[in-house]
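Take a slow look at the model below. Follow the backbone from end to end before reading on.

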Amino acid sequence: MKQKSQIASRKRRTTLTLPVDALGQAERIARARHVNLSVVVAEALASGLRIERAREHSAQVVRDYQEAFRGFNDEEMMILDGILPETRKR
Amino acid sequence: MIDPAWGPFLFDTSAESWLARTTQASAQEWFRRYAEQFPVHISAVTVMERTRGYALLWRRESGERRRRIESARTVYLRTLGQVWPVDAAVAMVAGEIMALLPQPPTPTKRSHKFMEARQERFSRWRCDTMIAATALVMRMPLVHNNAGDFEAIRSAIEIDPSRFPGLGPLDLVRCGALA
């Protein structure tokens, strides 16, 4: 119960301007599920934020990988890939 | 084209760096979409090969170049996703593969300037068997950039599946086929 009240205390009332179509869909979902509109909007927002976080994370992973392998020539890349070339004797 | 959602995939050492360095826009986009859904799965063997590579380059350089290599190494280690250990199951499967194919199926790497030592080729072959064994045990498709070696492992397992009960086939995806 304590946890529930803590979650409740983290909510904040605000005023949003939302697209009519999206709001209409959210209202239909809320009626069908017998929950209030705030629940549906909060779920949709949480889901959208999850997707955005995943996008940011993935962009960071790709940037970091590029950084980890930037500026190496072909021979150095072979070494980084576990291939150890020796200079050929003339 | 391979849908990233079919993952997770295990990435071979050379596949991991291929994805990081590709200039092909579709492959870059594939990697970005994959990383949205899954961590980059690799074997601890890849971490070993890579770390040895960074360390060897670091040792032969000095000054700014050395700092740059150390920085790249740090970024690489920070970026690691899911690293699979060589545990008892992986070791057993790798041992079976090594017994099936005691010799590397492809020759040493060589160019007009460089040649891979025979001892090194054996060592790298053993690393490849451990990576393939990890993919088999974890039941993940293996993304690779080394068709010669991994196709040989796949064929050998198909010819003699009795030593790999409940495992296989080794599912392989070439880097070039991803996007």
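**A walk through the two chains**

Read along the sequence, chain B follows the pattern β-α-α-β-α-α-β-α-β-α-β-α-β. That makes seven helices and six strands in chain B. Helices (H or I, at least four residues) and strands (E, at least two) are DSSP runs, numbered from the N terminus. This is a predicted model, in which local features need pLDDT of at least 70 and side-chain atom pairs count only at pLDDT 80 or more, while totals for chains, interfaces and linings use all residues. Residues are numbered from 1 along each chain as its sequence is written, and chains are lettered from A and ligands numbered from 1 in the order in which they are written.

How far can the model be trusted? Start with pLDDT, the predictor's confidence in each residue, from 0 to 100. Chain B has a mean pLDDT of 94, and 100% of its residues reach 70 or more. Chain A averages 89, with 86% of the residues at 70 or above. Where pLDDT is low, the predicted coordinates should not be read in detail. For the model, ipTM is 0.91 and pTM is 0.87.

Now look at the overall form of chain B. Its C-alpha trace spans about 55 × 40 × 35 Å along the principal axes. With 179 residues, a compact globule would have a radius of gyration near 16 Å, and the 17 Å of chain B agrees. That radius is taken over C-alpha atoms, and the globule rule is 2.2 Å times the number of residues to the power 0.38. Two residues are in contact if their C-beta atoms, placed from the backbone, lie within 7 Å. Among contacts in chain B between residues at least 6 apart in sequence, 78% join residues at least 24 apart.

What lies inside? A residue is buried if 20 or more other C-beta atoms lie within 10 Å of its own, exposed if 12 or fewer, and partly exposed in between; C-beta atoms are placed from the backbone. In chain B, 35% of the 179 residues count as buried. A nonpolar core is a set of buried Ala, Val, Leu, Ile, Met, Phe, Trp, Tyr and Cys residues joined through C-beta atoms within 7 Å. The largest such core has 53 residues, and B:Val93, B:Ala132, B:Ala133, B:Leu136 and B:Ile153 touch the most other members. Helix α6 (residues 118-138) of chain B gives this core its largest share, eight residues. Pick out B:Leu136. Leaving out residues up to four places away in sequence, B:Leu136 touches B:Val93, B:Phe164, B:Leu167, B:Gly168 and B:Leu170.

B:Gly168 has another feature. A cis peptide bond joins B:Gly168 to B:Pro169, with omega about 5 degrees. B:Pro169 sits in the loop between α7 (147-159) and β6 (172-174) of chain B. The bond from B:Gly7 to B:Pro8 is also cis, with omega near 5 degrees. B:Pro8 lies in the segment before β1 (10-11) of chain B.

Turn to chain A. From the N terminus on, its elements run α-α-α-α-β. Of its 90 residues, 16% count as buried. Helix α3(A) has 32 residues and reaches 46 Å from its first C-alpha to its last, close to the 46 Å expected at 1.5 Å a residue. The expected span is 1.5 Å times one less than the number of residues. In α3(A), the buried residues are A:Val40, A:Val61, A:Val62, A:Tyr65 and A:Ala68. What covers them includes α2 (20-33) of chain A, together with α1, α2 (25-37) and α4 of chain B.

Where do the chains meet? The contact takes 27 residues from chain A and 32 residues from chain B. On the side of chain A that touches chain B, α3(A) gives the most, with 11 residues. By class, that side has 14 nonpolar, five polar and eight charged residues. Here Ala, Val, Leu, Ile, Met, Phe, Trp, Tyr, Cys and Pro count as nonpolar, Asp, Glu, Lys and Arg as charged, and the others, Gly among them, as polar.
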